[in-house]
Amino acid sequence: MVYTVGWMSGLAAWLATRLYRVPLLNGGIRNAPFTLSRRQRIARWCMRHSEAIISNSKAGLQAFRLKDAPQSLVIPNGLDFSRFEGLDTTPASEPTICMVANFNEYKDHANAIQAFALVRKRIPEARLVLVGRDRGGLAACQEQVGRLGQEGAVTFVTDTNSPEQWVRSCWVGILLS
């Protein structure tokens, strides 16, 4: 069996699996775009010619127009709730929004920060906690927070592998991708 993700490896894997008569498993759906790029249309073709298609959401299969493909399977991203056992259950004293996501091109911290600035106009005591490792986007986020005058209301947590306490204490959890 060959497992592939993406359009280029999908094409190469499709050819190889046909030559060697082995099953092709395609796990390339990890988002749900409004319109498919050329590469995503090629990936969709590869998926249609796979023995199995794996997506992390029904929305992804629908976006790629593969929700009715008999070989499609959804394996959702999960959350192990036992990670929260034994933590302080007291919520933050002020309305707190938390986003756990590495600072990179795939996560939309910019819109989260922009939306938070609008929230603060209605709820001045609101706080935003952004938890994640810097993967090239942290400086831009910090600059945006400063430009919007939100420095005292936004906390950046970049040094933890255990975000549970931050998530547990927030009032609202968000994730923009």
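Analyst: Please note that this is a predicted model. We begin with a helix pair: the axes of helix 4 (residues 109-122) and helix 5 (residues 138-147) come within 10 Å and cross at roughly 15°. Angles under 35 degrees count as roughly parallel, so helix 4 is roughly parallel to helix 5.

User: Which residues make the contact of helix 4 and helix 5?

Analyst: Helix 4 contributes H109, A110, I113 and Q114, while helix 5 contributes C141, Q144 and V145. By class, the residues of this contact comprise four nonpolar, three polar and no charged. The crossing of helix 4 and helix 5 is right-handed.

User: At what angle do the axes of helix 1 and helix 2 cross?

Analyst: For helix 1 (residues 7-20) and helix 2 (residues 38-48), the crossing is at roughly 30°, and the axes come within 8 Å. The angle therefore makes helix 1 roughly parallel to helix 2. Their crossing is left-handed. On the side of helix 1, W7, G10, L11 and W14 meet R39, I42, A43, W45 and C46 of helix 2. Seven nonpolar residues, one polar and one charged make up this contact.

User: In which sense do strand 1 and strand 2 pair, and over how many bridges?

Analyst: Strand 1 (residues 2-4) pairs with strand 2 in the parallel sense, over three bridges. Y3 lies opposite L25 of strand 2.

User: How many residues of strand 2 are buried?

Analyst: Burial is judged residue by residue. In strand 2 (residues 24-29), five of the six residues are buried, and the strand is mostly covered.

Note on methods
Residues numbered from 1 in each chain as written. Predicted model: local features only at pLDDT ≥ 70, side-chain atom pairs only at ≥ 80, totals over all residues. Heavy atoms only, no water. Axes fitted to C-alpha atoms, helices over the stretch in contact; angles between N-to-C directions. Helix = DSSP H or I, 4+ residues; strand = E, 2+ residues; numbered from the N terminus. Parallel < 35°, antiparallel > 145°, perpendicular 65-115°, else oblique. Left-handed = near helix turned anticlockwise from the far one by under 90°. Contact = heavy atoms within 4.5 Å. Nonpolar A, V, L, I, M, F, W, Y, C, P; charged D, E, K, R; others polar. Buried < 20%, exposed > 50% of the residue type's maximum accessible area, 1.4 Å probe, protein only. Pairing = 2+ DSSP bridges.
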